[in-house]
Structure formats: C-alpha cells, structure tokens
Amino acid sequence: MRTTGGGRPLIMVVLALLLLVLCTLTLVLGPANVSVSQVFDSIVKTGSDEAVSRIVWGLRIPRMAAALLAGMALSVSGLALQTVFRNPLCGPFVLGISSGASLGVAVAMLAGFGFGCLGVLGSATVGALVVTLAVMWLASRFERNSVLLVAGLLIGYFIDALVSVLVAQSDAESLRVYVAWGMGSFCRLVLDDIWLFFGAVVVGLAFVVCSMRYLNTALMGDDFARGLGVPVRCSKRFVLLGSSLLAAACTAFCGPVAFVGIATPHLAFMLFKTTNCRVLVPGAALCGANLCLVAGLFPVSIPLNALLSVVGVPVILFVISRSAGRGNL
C-alpha cells in the first residue's frame with residue numbers, strides 16, 4: 001500500500017479551509033441579500049434582525065447541514081462498499097442500496113402509514129439493509145465484479161417496479177410529496193430534523209470507523225485479513241450496516257442523490273494517492289462535503305442530480321477506462 005506522503009496533511013488543510021469558505025458562501029448567497037456580518041449576528045446575537053434570522057436559521061443553516069452530512073455520508077458509504085467488495089464501481093446507488101432506501105420512503109409516504117420523519121428514516125434504513133443483505137448473498141455466490149454490478153442494477157429495477165405500483169395506487173397529495181422528494185434536494189431539511197440526520201450519520205460513521213483495521217486489509221482478501229487476526233465476519237457486518245445507515249439517512253432527508261457515493265472515493269484516491277482508509281475516510285468525507293456544498297449553491301430550479309452528474313459521470317468513465325486497461329473489468 002502507498003501510505004506515505006508529506007503533502008497529505010496539507011491537502012487535508014486545504015480541503016478543510018475550502019469547506020469553511022463554501023459553508024460561508026452557503027449562508028450568505030441566495031435570493032435574499034444577506035451579508036456576512038448579518039449572518040454572524042443572527043447566529044451569535046439574540047436581538048438580531050428577525051427577517052435575517054428566519055432566513056439563516058430556517059433556510060440556509062438547514063441547507064448547509066444537509067449538504068455537509070449528505071456529502072460525508074455518501075462518500076464514506078461508497079468508499080466502504082468499494083473496499084469491502086473490492087470493486088471500483090460499487091456504491092450505494094449502483095448496488096441498489098439507495099433504491100432500497102427509496103422503497104422504504106415510498107412505503108412510508110405512499111402507503112398511508114404516516115410515519116413522520118423518524119419513521120421515514122427507519123423505513124429507509126430497513127429498505128437499505130434488506131438490499132445490503134441481498135448484495136452480500138450475491139457477492140458470496142459470484143466472484144466476478146461485473147455480475148455483482150448487474151445484480152445490483154436488477155435489484156434497483158425490481159424495486160423501481162414496486163415503487164411504481166405504490167405510485168399508481170396513491171392519492172394526488174401523497175404523490176406530489178413523493179415526486180418532489182424523488183428529485184433530490186438539500187433544501188428539504190428543516191431545523192428540527194438536523195439533529196436526527198446528524199445522529200444517524202454519526203452512528204453510521206462509527207460503525208465504519210470501528211472496522212478501520214478490516215478496511216485496510218480487505219483489498220488483499222478476507223483470507224489475508226483473517227491471517228492478521230482481523231474478525232472478518234463481524235467487521236464486514238459492521239461496515240455494511242454503517243454503509244446502509246449512511247445511505248438510508250441521506251436518502252430519507254435529501255432524496256436519492258446519485259454519483260456522490262461512487263465518484264467521490266476516486267477523487268480522494270487521486271488526491272491522496274493511497275489505499276490507507278485512515279487517510280481516505282476523512283479525505284473522502286471532505287471531498288464529498290465540498291462537492292455537495294458546491295452543488296447546493298446553484299439555484300433550486302436546477303435538479304440536484306443533474307449538477308452532480310456533471311462531476312460523477314466523467315469520474316466513473318475514467319475509472320471504467322482505467323480498470324478496463326488493467327483487465328479488471
């Protein structure tokens with residue numbers, strides 16, 4: 001593994017500083033003109049302008065939090081899945097995990113259960129876990145990466161068919177809410193739900209971080225990891241559970257956000273030039289957060305997934321071409 005390099009701390013610092021700049025721009029830029037000083041006053045002072053406080057606390061802080069948390073969650077989830085399955089094209093969207101979470105949300109929104117925000121998150125998590133278990137079973141049966149990817153796509157199509165059945169039986173109001181959610185947005189999160197989203201992401205990250213030793217040996221194969229005394233089965237379950245929870249939380253609060261989970265780990269790898277997950281996990285989280293913050297700065301009228309596709313598709317094509325040249329696909 002290539003794990004040395006004196007420039008990596010500098011890259012981390014640059015990404016962190018860029019994150020601060022983008023967070024500031026997210027709080028300042030928008031249809032209403034708000035200065036940096038007004039934003040600062042609304043955050044730290046109780047007697048600030050009421051209209052500015054409503055804009056900052058009601059709209060822009062939730063949008064910033066959604067972009068930060070979604071970027072970190074999807075990036076770490078994608079990195080963990082690519083490492084566990086040793087496949088550069090794995091990700092929560094490609095493997096159907098995001099589709100499973102979408103099915104859970106569809107059941108909560110369209111089937112008339114009225115779960116509320118916490119129930120939507122729980123339904124998304126269950127859906128994501130079911131698909132993850134199916135992917136794990138398929139991965140144990142088929143060794144070829146291409147078969148696993150095709151299976152993930154088929155699972156996604158199957159789930160989309162189930163969602164279509166629910167859509168056809170739904171009333172107009174439920175259908176309107178679900179269609180708006182399905183377009184993906186960082187503007188849907190409300191202030192009261194930030195802590196729930198944050199808590200779900202922290203728990204998911206904790207599962208992944210606790211299995212860091214396994215992730216650093218997984219690329220060499222499970223037998224190699226067992227030879228080093230790593231509890232492979234338990235660690236793999238922790239990683240997949242954490243990855244599913246991260247993807248489910250993002251899907252529940254922001255809708256199906258494509259390409260971040262598959263593309264951002266490769267951006268981190270190109271920047272840090274290492275396979276050490278102790279470097280790649282925070283690096284990918286920073287890259288994903290920055291990418292989502294940039295996407296969130298564009299007008300709401302532009303679909304979120306269209307913006308992310310501009311970055312995601314070229315990265316995926318580059319990975320495919322490089323893997324094909326090496327004979328890995």
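A residue is called buried under 20% relative accessible area, exposed over 50%, and partly exposed in between (1.4 Å probe, protein chains only). The model is predicted: local features need pLDDT of at least 70, side-chain atom pairs count only at pLDDT 80 or more, and totals for chains, interfaces and linings use all residues. Residues are numbered from 1 along each chain as its sequence is written, and side-chain values use heavy atoms, without hydrogens and water.

The chain holds 14 helices and 0 strands. Helices (H or I, at least four residues) and strands (E, at least two) are DSSP runs, numbered from the N terminus. Buried residues make up 50% of the 329 residues. The C-alpha trace spans about 60 × 55 × 35 Å along its principal axes.

Helix α7 covers residues 172-182. Ser-174, Tyr-178 and Trp-181 are buried there. These three cover an arc of only 60° around the axis, which puts them on the same side of α7; the arc is that of the directions from the helix axis to the C-beta atoms. An α-helix has 3.6 residues a turn, so residues three or four places apart point the same way. Ala-172 and Arg-176 are exposed on the other side of α7. Just after α7, Gly-184 takes a positive phi of about 75°.

Ile-61 lies in helix α3, residues 50-84. Its relative accessible area is 11%, and Ile-61 is buried. Leaving aside residues up to four places away in sequence, Ile-61 touches Leu-27, Ile-43, Val-56, Leu-191 and Ile-194 (contact means heavy atoms within 4.5 Å). Ile-61 and Cys-187 are 126 residues apart in sequence, yet 9.8 Å apart in space, C-alpha to C-alpha.
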